Amino acid sequence: MIQELHDIQAAAGATFAELTTKGIVPVSFGNDAEAIAATKQGAALYDRTHWGRIQISDSDRLRFLHNQSTNNFNILKPGQGCDTVFVTSTARTIDLATAYATEDAVLLLVSANRRRQLLELLDRYIFPMDRVELTDLTETTVAFSFLGPDSTQLLEKIGVTELENQPYATHKLINFAGMEVRVAVGSGLATPGYTLIAPASDAAKLWHELVKAGAVPMGDRVWEQLRIEQGRPAPDFELTDDYNPLEARLLHTITYDKGCYIGQETIARLNTYKGVKQQLWGVQLSGAVEPGTTVTIGEEKVGKLTSFTETESGFFGLAYIRTKAGGEGLKVQVGAVSGDVVNVPFLSS
């Protein structure tokens, strides 16, 4: 089923890479400049099928997820959703996930390289009395995201008008060309857009129809560039055992008055006593530099570069910078390269 999708993508010029998680991802369609332009003046289409999709069902599902991550699940109604962070008992970041509440389940969209870890983690916390069922839907579904100002018009072409101007992660199950597709507000980045989840059996047909409606295919290379430019933290880069959600500036994912959950005590203490020692920022760079490079001001070490990309307007990175050193507007040195600390849209929302 997915092979048919890959065949269509390959015919459109896609080159593929195999991930360490064994998934296959279209790296580029040979149109990177056109795809970036579409995110600013049209609508680009990104294949997120390699991301994980975990379904949590049964009557205790909301209470269970409420206790496992940073956001408030108890207030979610069917058709609503939110971003949430899964953390360790000491509030170290595991993954940034998006949750969609349906009539009888919650669907989590999680990073490809955290799916197995989260399945094991969630399973470990299901106790005998809990009415909770976990199902890995990654192999049986696909996920695509639109990015760009024309995303709403593109959705209108396939008959979806109810989601315009709705809150982030609002979603609806629609019937499009004989396919059942869940459409949600939000592209996964700061760029406006929508995310679609559908059965894997409809993957090729859905992709074909969306491209036919005017979406420009976009590879993973462009997504990664946009992720870094916009400041979405990613596992193994910004989301690791070294950092917590407050340092990652994922403030929109944290509900402080929701009561007890894994990592809650640490997060509450950091917030109450202003104990956030470092924060994630964008850095406009004068040259190329490797992630992991130390950030300095004069002789003083003030942080570390976590991600790097080359954009059409120069070199750019993400870095954790010591809070006491400052933030936006700071002049820094990253290895042999100079840098200006800037805000990024994903962390400004």
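Start with the largest pocket, which holds about 470 Å³ of space. A pocket here is an open set of points on a 1 Å grid over the protein atoms alone, with protein on both sides within 12 Å along at least five of seven lines, and its lining residues have an atom within 4 Å of a point. The volume is the space filled by probe spheres set on the points, which are joined across faces, edges and corners. This is a predicted model, in which local features need pLDDT of at least 70 and side-chain atom pairs count only at pLDDT 80 or more, while totals for chains, interfaces and linings use all residues. Residues are numbered from 1 along each chain as its sequence is written, and side-chain values use heavy atoms, leaving out hydrogens and water.

Select His50, Ala112, Asn113, Asp220 and Glu224: of the 24 lining residues, these lie nearest the pocket's centre. Then colour strand E2 (24–28), strand E6 (93–101) and helix H7 (220–230), the elements that give two or more residues to the lining. The largest share, four residues, comes from H7. Helices (H or I, at least four residues) and strands (E, at least two) are DSSP runs, numbered from the N terminus.

Show Arg48, Thr98, Tyr100 and Tyr168, which are among its lining residues.

Now move to the largest nonpolar core, with 29 residues, and pick Phe146, Leu206 and Leu210, which touch the most other members. Such a core is a set of buried Ala, Val, Leu, Ile, Met, Phe, Trp, Tyr and Cys residues joined through side-chain atoms within 4.5 Å; buried means under 20% relative accessible area, exposed over 50% and partly exposed in between, with a 1.4 Å probe and protein chains only. Centre on Leu210: beyond its neighbours within four places in sequence, its contacts (heavy atoms within 4.5 Å) include Leu45, Phe144 and Leu196. Another core, of 21 residues, lies apart from it and includes Ile36 and Val222.

Which residues make up the covered face of strand E18 (residues 331–334)? Val332 and Val334 do, while Lys331 and Gln333 form the uncovered face. E18 runs antiparallel to strand E15 (residues 294–297), with two bridges; strands count as paired if DSSP finds at least two. Val295 stands opposite Val334. On to strand E19 (residues 337–342), where Asp340 is the bridge partner of Lys331. Finish at the hairpin of E18 and E19: two residues separate them, and Gly335 in the turn has a positive phi of about 60°.

How values were computed
On a 1 Å grid over the protein atoms alone, a cavity is a set of points where a 1.4 Å probe fits but cannot get out, and a pocket is an open set with protein on both sides within 12 Å along at least five of seven lines; lining residues have an atom within 4 Å of a point.
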